[in-house]
Amino acid sequence: MMTKTDLAIVIPAYKAKYLEETLNSFAHQTDHRFHLYIGDDCSPEGIGDIVEKFEDKIEIDYKRFDTNLGGLNLVAHWTRCLHLICNAESYVCLFSDDDIVDSNFVEKFYSTVAEYKSSVYHYDLKIIDDKSEVISVPEEYPLFISGTDFFLQNNLKSDGITARMPEFIFELDSLLKAGGFIDFPLAMRSDNATVINMTRNSDIVTVKGSHVYWRKSQLNVSNQKNLMAKNNNFISSTILFYNWICFYFSDINAPSFYTCKKNLSVLRIIFGYSSNESFFTLWKIAIKSLDFLRIMPFSGFLFILFYIKNLLKSK
């Protein structure tokens, strides 16, 4: 049984609005065997003042960076926050500055680790709004799920499981050996890729009996007002993610049907979510892709179908 503090909770902080509520949820844990690391991304919102309120309640290391990095590369900011860990913790949770956890979050983690060994642990989600009221409850994960099943259910089923980043805890040594967090524009799909990359040698184990509460608000990166920029980044990240998936499954010698599944998923994304402008953005991205020779015929096929779709709409 673990008796020492073996869990690092890393918060790359920029937004102050819900941070006190986030820290309060950790201050009220039934098990205080965790160390909190907060990386202030040169925020103008007084992050340090909020953190100071909890310094006598939680073991906290706070670092204010001199430059804002998250606005340019969010995953790069995650990575520099990861390097704040200095107390030899074996596990890390990359949490957010606006989400909250149940009071038994840490307690249930240690009891689960004692029973099941893995490189990646998961908590089921509840979605909350600006007022911290539960507005939806996504499908629960099974106790064990492989990386391939995680990919199929999270990316190719409209009613399948969902995933963010705060509900995962990684074995730190395995995360670093795997290259850290996978970098895509605005960190879109970086969570999915990082989780999949961590399942080479073990299944995802779900910590039962506790939840992470993920906040859906106008402050989320995914709810930025500039919808065109969001669509372009979403498509860019999607193409990069599925190209990465192709290489990943090839590397682990997975059956070639995953490539076909990838094409079907991209087709669903294009026809379900993209505008004319964002489709042509995808076309440009495909041309620049390192996987151009493989994606070019499929992109041409999409172009024809997209043209037909718009033709039918105009009638």
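The questions below go from term to value to conclusion.

Modeller: First, the ground rules: this is a predicted model, local features need pLDDT of at least 70, side-chain atom pairs count only at pLDDT 80 or more, and totals for chains, interfaces and linings use all residues. Residues are numbered from 1 along each chain as its sequence is written, and side-chain values use heavy atoms, with hydrogens and water left out.

Biologist: Why is Ala 187 called buried?

Modeller: Buried means under 20% relative accessible area, exposed means over 50%, and partly exposed is in between (1.4 Å probe, protein chains only). Ala 187 has a relative accessible area of 9%, so it is buried. Its place is the loop between α6 and α7. Helices (H or I, at least four residues) and strands (E, at least two) are DSSP runs, numbered from the N terminus.

Biologist: What makes the phi of Ala 187 worth a remark?

Modeller: Its phi is near 65°, a positive value in a residue other than glycine. Cys 42 also has a positive phi, near 50°, and is not glycine.

Biologist: How do you know whether Cys 42 is buried, exposed or partly exposed?

Modeller: Its relative accessible area is 25%, so Cys 42 is partly exposed. Cys 42 sits in the loop between β2 and α2. Gly 46 lies in that loop between β2 and α2. At 30% relative accessible area, Gly 46 is partly exposed. Gly 46 is 32 residues from Tyr 14 in sequence, and their C-alpha atoms are 9.1 Å apart in space.

Biologist: Why is β2 described as largely enclosed?

Modeller: Of its 6 residues, 6 are buried, so β2 is largely enclosed by the rest of the structure. His 35, Tyr 37 and Gly 39 point one way, while Leu 36, Ile 38 and Asp 40 point the other way. In a regular strand, side chains alternate between the two faces of the sheet.

Biologist: What makes β1 and β2 a pair?

Modeller: Two strands pair if DSSP finds at least two bridges between them. β1 and β2 have 6 bridges and run parallel, so by that definition they pair. On to β3 (residues 60-64): 5 bridges join it to β2, and the two run parallel. There, Gly 39 stands opposite Lys 63.

Biologist: Why is the unit of β1, α1 and β2 called right-handed?

Modeller: A crossover is right-handed if, with the strands pointing away from the viewer, the path from the first strand over the helix to the second runs clockwise. β1, α1 and β2 make a right-handed β-α-β unit. The crossover from β2 through α2 to β3 is right-handed too.

Biologist: What covers the buried residues of α1?

Modeller: The cover includes β1 (7-13), β2 (35-40), α2 (47-52), β5 (100-101) and α4 (105-115). Among the buried residues of α1 are Leu 19, Leu 23 and Phe 26.

Biologist: What makes a group of residues a nonpolar core?

Modeller: It is a set of buried Ala, Val, Leu, Ile, Met, Phe, Trp, Tyr and Cys residues joined through side-chain atoms within 4.5 Å. The largest such core has 40 residues; Val 92, Phe 150, Phe 168, Phe 170 and Phe 181 touch the most other members. The largest share, 6 residues, comes from α8. A second, separate core of 36 residues includes Leu 19 and Trp 214.

Notes
Contact = heavy atoms within 4.5 Å.
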